[in-house]
Amino acid sequence: MSNFPNTRWTTVVNPAALSGDANACAGANEALNALCQVYWFPIYSYARSWGKTHHQAEDLTQTFFQELVEGQWVARADRSQTKFRTFLLTHFKYVLSNEHRMQQAEKRGAQFEHLPIDFEGADEHFQALAGDSSDPTAAYDRAWAEQVVDQTLRLLDREYSENNPTLPFDALRPYLPGGAALARFSYEDLEARHGVKMEAIRQRVSRLNKRFRELLVGIVADTVSDPAQVDEELKSLVAAMVA
C-alpha cells in the first residue's frame, strides 16, 4: 500500500482534504469531479432499472453527486479498502431505500448548482444498454464497464491522432477491444485508401492494443486504494461486458 501511487480515489479521501486543508481540498474536488464524469451514467442507469422515470433518475443522480462533492458521503468512506465503484453504489442504494431522502433528492434536484453532467440522450442510451435486463446492479455494472472502456478509447484516440494524421483512428477502431461489431476494412484496403504499408498498419494495431490495456488499467487503478483491487476490478469489468 505504501508504494502504491496516489490515485484519484485516494486523493478524494485524503485525510488532509477532509480536515480542511485548502490545497488538499482543491485536489480532492478536482479528482472527484473527474470520477463523477465517468460514474454519473452508471448511477443514472441503476436508478432507471430500479423503476425511476428519466426525470426522477436525473434529479436523483444530480443531487447524489452534488452531495458527494460537498463531502457528506466521502467522509464515511473506508480509506483503506473501499473501491469507488462499490462506495458509490452502496450509498446510492441507501438513498433509494430511504423514502424520505429519496423524496428530498427529487425535490432538491433543480435547486442545486448543477455539476457538468449532460443528460441529453441518457434515456435512449440506457434503453439500448439495458435491453431486457431488469436487474439494477447488472445495469450499473454494465454502464460502468462501458464508460471505462469509452474513456479509454477517447484517451487512446487523442494520443494516436496527435502523431498519426495519415491513418485515422476510426479506421483502426474495429481492430481494438469492443470493435468487432464495427465495419472493418482489410489491411489491404487500408493500405490502398491511406497509403500506409500493411506492416506499418499491423504495428500500429499491435501498439494500440497494448496501449489500450495500459490506459484501461490506469483508469481502473484511479478508483481503488490498493493495487490488489485492480485485477479484481478488471475481472469485474470483463464479466460485465460479457454479460
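**Salt bridges and the core**

Modeller: Eight salt bridges are found when the whole structure is searched. The model is a predicted one.

Biologist: What makes the pair K83 and E232 a salt bridge?

Modeller: The side chains of K83 and E232 meet at 3.6 Å, N to O. The cut-off is within 4 Å, so the pair qualifies as a salt bridge. This pair joins distant parts of the chain, 149 residues apart: K83 is in the loop between α4 (54–69) and α5 (84–97), and E232 is in helix α12 (residues 228–242). K83 and E232 also belong to a network of salt bridges with R85, D141 and E233.

Biologist: Why is K83 called buried?

Modeller: The relative accessible area of K83 is 15%. Buried means under 20%, and therefore K83 is buried. E232 has 42% relative accessibility; because this lies between 20% and 50%, E232 counts as partly exposed.

Biologist: How do you know that R211 and E159 form a salt bridge?

Modeller: Their side chains meet at 2.8 Å, N to O. This value is within 4 Å, so R211 and E159 count as a salt bridge. R211 lies in helix α11 (residues 198–221) and E159 in helix α8 (residues 136–163), 52 residues apart, and the pair links distant parts of the chain.

Biologist: Why is R211 called partly exposed?

Modeller: R211 has 29% relative accessibility, which falls between 20% and 50%, so R211 is partly exposed. E159, at 31%, is likewise partly exposed.

Biologist: What makes R202 and E199 a salt bridge, and where do they lie?

Modeller: The side chains of R202 and E199 meet at 3.8 Å, N to O, which is within 4 Å, so the pair is a salt bridge. Both residues lie in helix α11, three residues apart, about one turn of the helix.

Biologist: Which residues touch the most other members of the largest nonpolar core?

Modeller: F65 and L88 do, in a core of 60 residues. Helix α3 (residues 22–49) supplies the largest share of this core, 10 residues. The contacts of L88 include Y39, I43, F65 and Y140.

Terms used:
Residues are numbered from 1 along each chain as its sequence is written. This is a predicted model: local features need pLDDT of at least 70, side-chain atom pairs count only at pLDDT 80 or more; totals for chains, interfaces and linings use all residues. Side-chain values use heavy atoms; hydrogens and water are left out. A nonpolar core is a set of buried Ala, Val, Leu, Ile, Met, Phe, Trp, Tyr and Cys residues joined through side-chain atoms within 4.5 Å. Buried means under 20% relative accessible area, exposed over 50%, partly exposed in between (1.4 Å probe, protein chains only). Helices (H or I, at least four residues) and strands (E, at least two) are DSSP runs, numbered from the N terminus. Contact means heavy atoms within 4.5 Å. Lists of a residue's contacts leave out its neighbours within four places in sequence.
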